[in-house]
Amino acid sequence: MTDARTSDPGNAAPAIEVRALQVRRGGAPALRDIDLTIPRGSITGLLGPSGCGKTTLMRCIVGTQIVESGTVTVLGQAAGSAGLRKRVGYVTQAPSVYLDLTIRDNVRYFAALYGRGHDAVAETIDAVGLTTHVNHRAGDLSGGQLGRVSLACALVAGPALLVLDEPTVGLDPVLRADLWDHFATLAASGTTLLVSSHVMDEADHCENLVLMRDGRILAHVPPDELRRRTGRSNLEEAFLALIREQKIGVEP
Ligand SMILES: Nc1ncnc2c1ncn2[C@@H]1O[C@H](COP(=O)(O)OP(=O)(O)O)[C@@H](O)[C@H]1O
Ligand SMILES: [Mg+2]
């Protein structure tokens with residue numbers, strides 16, 4: 001069984017290194033002068049309101065976004081390099097699975113592509129809470145269930161870096177808690193996770209938070225540091241306090 005995490009040739013580069021990144025979308029700046037370093041084996045929450053640039057930044061990291069200037073380096077290689085294909089997993093906000101296949105066959109298909117065995121298939125389906133539905137056709141599932149199949153297809157590959165765009169939206173609280181437990185297990189075994197959300201209520205599951213607004217990074221801090229810095233125990237309020245403090249929001 002090959003595992004992208006163990007086939008890393010001793011490379012000690014950070015998981016993600018972004019320098020002076022500028023991106024325009026729809027004729028307007030979507031990312032403005034982004035600098036960001038994310039260490040390996042951690043969970044980072046990418047947080048900020050809708051339209052602030054989270055998906056655009058993730059697209060840059062997985063190499064599907066045209067950038068205006070700056071550099072994005074992933075596991076020591078330029079973002080989007082062929083060498084990263086099996087080492088980076090990306091789950092978009094719109095689920096992409098084979099609707100005519102069952103859940104098990106979807107996950108098996110991705111497991112086969114990445115050389116993972118049956119144990120990994122069962123374990124991953126369990127982690128996303130779909131064990132009771134393994135034989136259901138993906139086309140018969142609800143939107144939330146489809147999203148979880150999509151997530152399972154990325155998880156089963158065992159990538160060194162997992163980029164997850166709002167993976168817990170619309171999931172029930174028990175399942176969300178289970179998924180965060182699974183993410184923590186992955187991080188403990190060396191996987192790097194970058195997880196976006198437009199709400200702050202799961203931020204405490206992350207070791208570090210990247211707080212975005214209007215295409216900029218306002219802060220890159222652990223949750224407790226954000227609380228300390230703003231004097232607010234509630235992270236939603238802390239984020240708001242940070243925005244007010246920096247008086248951002250008057251961009252052209
Ligand atoms: N396909 C697109 N074409 C043009 N502009 C886009 C497109 N997708 C996003 N944008 C713009 O880029 C900015 C950042 O969007 P996005 O990265 O999707 O934000 P988020 O993921 O935080 O909601 C927004 O101003 C949005 O309107
Ligand atoms: Mg988005």
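This is a predicted model: local features need pLDDT of at least 70, side-chain atom pairs count only at pLDDT 80 or more; totals for chains, interfaces and linings use all residues.
The ligand site is considered first. Ligand 1 is surrounded by a set of residues that includes Arg25, Gly26 and Ala30, together with Pro49, Ser50, Gly51, Cys52, Gly53, Lys54, Thr55 and Thr56. Sorted by class, this shell holds 3 nonpolar, 6 polar and 2 charged residues. Helix H1, spanning residues 54-62, gives the most to the shell, with 3 residues.

From the backbone, a polar atom of Gly51 is 2.6 Å from an oxygen atom of ligand 1, and a polar atom of Cys52 is 3.2 Å from an oxygen atom of the ligand. From a side chain, an N or O atom of Thr56 is 2.5 Å from an oxygen atom of ligand 1. Taken alone, the ligand exposes 560 Å², and the protein buries 58% of that area.

The second topic is the pairing of helices H4 and H5. Helix H4 covers residues 143-155 and helix H5 covers residues 173-188; their axes come within 14 Å and cross at roughly 10 degrees. Angles under 35 degrees count as roughly parallel, and H4 and H5 are therefore roughly parallel to each other. On the H4 side, Arg148, Leu151 and Leu155 take part in the contact, meeting Leu175, Leu179, His182, Phe183 and Leu186 of H5. The residues of this contact divide into 6 nonpolar, 1 polar and 1 charged.

Technical notes. Residues are numbered from 1 along each chain as its sequence is written. Chains are lettered from A and ligands numbered from 1 in the order in which they are written. Side-chain values use heavy atoms; hydrogens and water are left out. Axes are lines fitted to C-alpha atoms, for helices over the stretch in contact, and angles run from 0 to 180 degrees between N-to-C directions. Helices (H or I, at least four residues) and strands (E, at least two) are DSSP runs, numbered from the N terminus. Angles under 35 degrees count as roughly parallel, over 145 as roughly antiparallel, 65 to 115 as roughly perpendicular and the rest as oblique. Contact means heavy atoms within 4.5 Å. Ala, Val, Leu, Ile, Met, Phe, Trp, Tyr, Cys and Pro count as nonpolar, Asp, Glu, Lys and Arg as charged, and the others, Gly among them, as polar. A residue is near a molecule or strand if one of its heavy atoms lies within 4 Å of it. A polar contact is a pair of N or O atoms within 3.5 Å; within protein, one must be able to donate a hydrogen and the other to accept it, and residues adjacent in sequence count only if both atoms are side-chain atoms. Accessible areas come from the Shrake-Rupley method with a 1.4 Å probe; for residues, only the protein chains shown count as cover.
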